[in-house]
Amino acid sequence: MATMKALRFHGNQDVRLDNIPIPPLRPGWVKIKNGWAGVCGSDLHEYLVGPKNAPTKPHILTGETLPTVMGHEFSGRVVELGEGVTEAYGGAKMEVGKKCAIFPVLGDRTCVWCQRGAQGVCPNWGFLGYSGYGGGFAEYICVDARDVHIVPESMRLDVAALVEPIAVGWHAVKLGEPKPEDSVLVLGAGPIGIAVILSLRAHGIENIAVSELSPLRAEQARGAGARHVFNPKNDDVPERCREVSPDGWGPQCVFECAGVQPSLDAALASVRGQGVIVNVGIFEKDVTMNPNVLNRRSLEWVGSNIYTRQEFQEVVDAIANGRLKGPERMITARISLEEGVEKGFKALIHEREKHVKILIGVDDDP
């Protein structure tokens with residue numbers, strides 16, 4: 001039986017490079033030779049405090065349990081078509097050799113949320129890279145053809161691997177609905193914060209303020225299109241936001257992308273009355289908030305969960321047509337599968353402030 005290399009999650013702080021069988025191709029599915037895959041903050045969270053997303057008993061959709069292949073932000077090329085496959089997502093022609101980005105969210109496809117394309121809200125949801133069926137940290141994966149989004153041949157595979165994290169920011173921007181003339185604040189310039197900034201610029205928003213402690217990530221924010229970058233250690237972020245808003249009232253929309261108590265506090269203190277706070281960050285610890293603040297100032301709190309299928313495709317199109325500019329700026333390191341644990345997971349633990357997105361390369365064919 002043919003085998004492949006794969007980074008698999010076995011348990012808490014236990015990710016190993018294993019040799020496993022290449023998955024079989026089933027009807028309606030396609031085989032992908034993976035290209036590049038990003039190490040996500042949720043991968044790091046799983047590594048440090050998991051298993052959380054990875055199944056310790058057979059997953060309701062995949063039937064698989066630990067160990068499972070990791071990596072849900074990934075790209076590749078189609079190498080084999082399953083029986084009956086002629087189309088990818090949206091009716092795009094499916095052919096061997098086509099470049100693609102993979103929609104990784106699994107759902108039961110029958111609930112009301114799956115029918116709307118919002119698998120992330122499905123009560124039976126899962127993820128490629130956690131729940132089974134494989135992931136991007138392997139040489140090959142077989143996936144349902146409906147989850148394959150064809151990208152232009154001109155798009156580099158490392159850039160195509162950024163579609164997934166950028167789609168998280170794209171979804172958040174659509175929920176916040178800022179107008180081109182609005183002032184906005186992004187709290188945290190990690191991968192999702194940068195994705196939000198890129199998406200804001202693609203939607204015509206220019207007056208973007210960012211709060212970020214790390215000098216490298218602050219510079220990344222400027223490169224992505226932030227007009228003002230504040231260091232919360234030295235700057236009074238709410239006051240500075242009011243100073244740079246044209247009417248002095250602060251941002252109409254705030255994107256919380258850090259997932260910590262000080263960031264939540266800054267969001268509430270910075271946003272103007274009748275403004276919107278979009279919660280994009282994942283909080284690892286319980287936080288406190290007085291809901292009377294929301295009531296008194298008529299604030300809107302919006303939870304932003306993943307993205308829809310259509311939004312995933314919108315990001316592919318926005319990168320392809322140049323509306324979303326410079327996504328490759330997010331990449332701060334490219335490593336091999338063999339280096340995945342030491343230079344991927346452990347680098348993000350010990351040198352997190354030095355990185356935005358680390359990509360693991362399986363096939364460096366551009």
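Strand S11 contributes the most to the lining of the largest cavity, supplying 3 residues. The structure is a predicted model, and the cavity count comes to 1 at a threshold of 30 Å³ or more. The space inside the largest cavity is about 50 Å³.

Two or more lining residues of the largest cavity also come from strand S12 and from helix H7, as they do from S11. The table gives the residue range of each of these elements.

| Element | Residue range |
|---|---|
| strand S11 | residues 183-187 |
| strand S12 | residues 207-211 |
| helix H7 | residues 237-244 |

The lining of the largest cavity is made up of Ser183, Val184, Leu185, Asn207, Ala209, Cys241, Val244, Ser245, Gly250 and Pro251. By residue class, this lining holds 6 nonpolar and 4 polar residues, with no charged residue.

A separate topic is the strand pairing. An open sheet of 3 strands is present, with the order S2-S1-S4 and antiparallel pairing. Strand S2 (14-21) and strand S4 (68-69) are the edge strands, each pairing on one side only.

How many bridges join strand S1 to S4? Strand S1, which spans residues 3-11, is joined to S4 by 2 bridges, and the two strands run antiparallel. On the residue level, Arg8 has Val69 of S4 as its bridge partner. In general, the strands of a sheet pair through backbone hydrogen bonds, in either a parallel or an antiparallel manner.

How values were computed. Residues are numbered from 1 along each chain as its sequence is written. This is a predicted model: local features need pLDDT of at least 70, side-chain atom pairs count only at pLDDT 80 or more; totals for chains, interfaces and linings use all residues. Side-chain values use heavy atoms; hydrogens and water are left out. On a 1 Å grid over the protein atoms alone, a cavity is a set of points where a 1.4 Å probe fits but cannot get out, and a pocket is an open set with protein on both sides within 12 Å along at least five of seven lines; lining residues have an atom within 4 Å of a point. Grid points are joined across faces, edges and corners, and a volume is the space filled by probe spheres set on the points. Helices (H or I, at least four residues) and strands (E, at least two) are DSSP runs, numbered from the N terminus. Ala, Val, Leu, Ile, Met, Phe, Trp, Tyr, Cys and Pro count as nonpolar, Asp, Glu, Lys and Arg as charged, and the others, Gly among them, as polar. Two strands pair if DSSP finds at least two bridges between them.
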